Amino acid sequence: MGKSPGDKAPKGHSRRDLFKWAGAASVLAGTGSVQAQAAPATLPYREALETLTAAEADTLEAFCARLIPSDANGPGAKEARAAHYIDRALGGALASARDAYRSGLLALDFKAREANGKPFSALDAKSQDAMLTELEKTESSFFNLVRQHTLQGTFCDPYYGGNAGFVGWTLLGYPGIRMFVSEQDEAKNAHPVPVRKSAYDFPMFDRHNAHIADGIAAPADLAHMPYGMGNSKNGE
Amino acid sequence: MANELKMTDVVIVGMGATGGVAALPLTRAGLEVVGLEAGTWLSPNDFAPDELRNNYRGWPQLVQKANHEVPTHRRRDGAPYSPRPSVHPMMNAVGGTTVHFWGQSWRLNPWDFKVVSATTARYGAARIPSGSTVEDWPFGLEELEPYYDKVEYEVGISGQAGNIKGKIDERGNIFEGPRAREYPMPALHGTGFTAMMADAAKAIGAHPFAGPAAINSRDYEGRAGCMYHGWCDRGGCPVSAKSSTNVTTIPKALATKRLKIVTRAQVLRIEVDAKGRASGVTYLRDGKSYFQPARIVLMGCFTFENVRLLLLSKSRLFPAGLSNNHGQVGRHYMTHNEIGSVSALFPQNLNNWYGLPAQGIAIDNWADDNFDHAGLDFIGGVNLWAMNARRPIAAASAETFGKTGTWGSDWKAFIRQNADRIHHGYMQKTTLPYDVNYLDLDPAMKDPLGDPVIRITADYQENERRVARFAQDKMAAWYQAAGAIEVRKGGVDGIMGIGAHAYGGTRMGDNVQTNVVNRWGFSHEVPNLGIMGASLMGTSGSRNPTLTIQALAWRTAQHLADNWKELAG
């Protein structure tokens, strides 16, 4: 279709548009860190607790840090801010897991205090690992829930508050999101230069960026009303 | 009471893979068509390269109509229910599931149309598994070929022909049936990984080839070529290089000015008149109900909803559901045979980080009846597929081949070294229909309107388990020839639940006692009711069904246009 059929379907994008935007994004990317997305660059980076209590967050932070530890192989879940990702997600997409975290983290911390007289977060790494090894056997569904979410928080798009500084993608050797991948990029022994961008650094997907409205008609649902029905009388 | 709308020639339920195709020949023939779609238009801005949102949170499937209608499953009558998935595999949108499908666009193998007669002729009737309800299709590949051809060119498929009018081309699938001409576009380009797997295929005596895809390998009809960025497996394409019907046949049909699409229309019932003919459909939109009268009703839903709408549409003349006076609606259900995984660990990085599921290398030597089954204990086979696609969360979640646990420093060292060295085979295998496998309405689970959801009662049988073990051996041999240092096989006791490739339920055939629709896709019992989709298919083949259901839909629509007076009454 050389042009859109009438005014009804959403307008398409050409690859040229995308490259134009990608160019704009690479300029913007010069402004630096992941955190810059969450707050204006003039403010220092902050993290609030949106869902967890401070005590729950302490326990979870220590839990995540043992699942993917910082070690000779580089930063881990703590540096990726996996616990921060989980805290935010528990207020939204992962809300159905909120109660599991409340009871699971409380039980883990209670056991730590009972056995060692210290909160879980204050134990040394060896003792924490011993407790998590036990938890993996006895409370496998909670353990696997936290593991799954820690993987998400370490390797997700940094827009979601995890994979801070792209430490997760760097750990895996993932060369990053490209909108265009050449045949050479997919060749044997190719080593594409790592791109460290969020999906939402591409203006096409960034709602904050005015570029999104350029030439793109909103999906014209109202143009598809049953004939005979007034557009304004039926529904939202 | 429902608001009664103006009469139309044809109403199509669902503007997806089949409805989106059927609208084109109908409107070109001058017919007025209303397309009812439960979803909305999506725009290129909706298709962000976001693994968490698309693959793990199931956006946008999670928030759609179909997600309130996820079927229940049990292995057999009286068995306990299996866990119910949280996300339905289909998509509600203009374009339907072709928006997020992987795009593999195969023609069926000639054997798939005549499983009973071909098996009987070559090996004897005793080789048809007992309890199977499989029948030959009412026609062979040669009948569907012109419609495959039509769809390949109108939708836009890239690929390499292997058999043009009987002349074999070694660059393509040498086992495919004869086709009239080449694909409209060359196949997607290969990668370092697919080249390695192609060499390994030759080393085990197989014939590798690049499979067909509904993805542009170059600019086609004003749409861009693929960018190979690899984020189309749970989302659409931001540059419309994927040939989803919302950017191909639907815009062409809209351009005739004879197609009206009503989005967010949830169809509740197919209505019949006093003579037992379909009179139209009732749908709900923004809390109000409408009756859309039509001379012809075409259903183009996913298998589960085609069956559910028929079973829900009870009337005096059809007390067990529309077109169900022979008790065949819901019978012969099957999904692709998804049991028996194989994964491999390689000693070097594979550079799989980019690319897409449709960018792969195929082996068809052990599919269908392309090999001698005389000394084997099953019929059917497997299409082996090695794709070039990987994303970070999935890579970090991969299995560890028993080398470490799943967390801690040892695991981290493993995943750092091996994230790009693990591969999973994609093996589509034959499933047969059985009398014990069927769909009906769940007695307890309901959607938000109070209508029951579909209940699946189905399990793989011994033939499927044998095919799965055979397929695992072949996939393992392929990986080993490619240099894999570890190969792991999963079990073959998995459940046949909700498949993305779900077949049967309104099977097509000449015998009115065992089939819901005739050879043209029209109901044996309701002459002006047509049905489209994989619910018509009586055999699974060992490859993705979308192109086949689109070819069938085009054929049904063309038949309707050519015989309008007779069918519209």
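**Chatting through chains A and B**

Modeller: To start in chain B, S14(B) and strand S15 (residues 382–387) run antiparallel and are joined by four bridges. Two strands pair here if DSSP finds at least two bridges between them, and strands (E, at least two residues) and helices (H or I, at least four) are DSSP runs numbered from the N terminus.

Colleague: Before we go on, what kind of model is this?

Modeller: This is a predicted model, where local features need pLDDT of at least 70, side-chain atom pairs count only at pLDDT 80 or more, and totals for chains, interfaces and linings use all residues. Residues are numbered from 1 along each chain as its sequence is written, with chains lettered from A and ligands numbered from 1 in the order in which they are written.

Colleague: What's the strand order in the open sheet of chain B?

Modeller: The order is S16-S13-S20, three strands with antiparallel pairing. Strand S16 (422–424) and strand S20 (486–489) of chain B are at the edges with a single partner strand each, so one side of each has no neighbour in the sheet. The twist averages 15° from one strand to the next.

Colleague: How many bridges pair S13(B) with S20(B)?

Modeller: Four bridges, in the antiparallel sense, with S13(B) covering residues 342–345. Ala344(B) stands opposite Val487(B) in S20(B).

Colleague: Which helix lies across S13 and S20 of chain B?

Modeller: Helix H10 (residues 462–481) of chain B, running at about 170° to S20(B). Axes are lines fitted to C-alpha atoms, for helices over the stretch in contact, and angles run from 0 to 180 degrees between N-to-C directions.

Colleague: Switching to chain A, how many helices and strands does it have?

Modeller: Nine helices and zero strands. Of its 236 residues, 39% count as buried.

Colleague: How do H3(A) and H5(A) cross?

Modeller: The axes of helix H3 (residues 54–67) and helix H5 (residues 82–90) of chain A come within 9 Å and cross at roughly 130°. That makes H3(A) oblique to H5(A): under 35 degrees is roughly parallel, over 145 roughly antiparallel, 65 to 115 roughly perpendicular and the rest oblique.

Colleague: Which residues make that contact?

Modeller: Ala57(A), Leu60(A), Glu61(A) and Cys64(A) of H3(A), with Ala82(A), Ala83(A), Ile86(A) and Asp87(A) of H5(A). Contact means C-beta atoms, placed from the backbone, within 7 Å.

Colleague: Last one: how many residues of the two chains are in contact?

Modeller: 61 residues of chain B are in contact with 60 of chain A. H9(B) gives the most to chain B's side, with six residues. That side divides into 32 nonpolar, 17 polar and 12 charged, where Ala, Val, Leu, Ile, Met, Phe, Trp, Tyr, Cys and Pro count as nonpolar, Asp, Glu, Lys and Arg as charged, and the others, Gly among them, as polar.

Definitions and conventions
A residue is buried if 20 or more other C-beta atoms lie within 10 Å of its own, exposed if 12 or fewer, and partly exposed in between; C-beta atoms are placed from the backbone.
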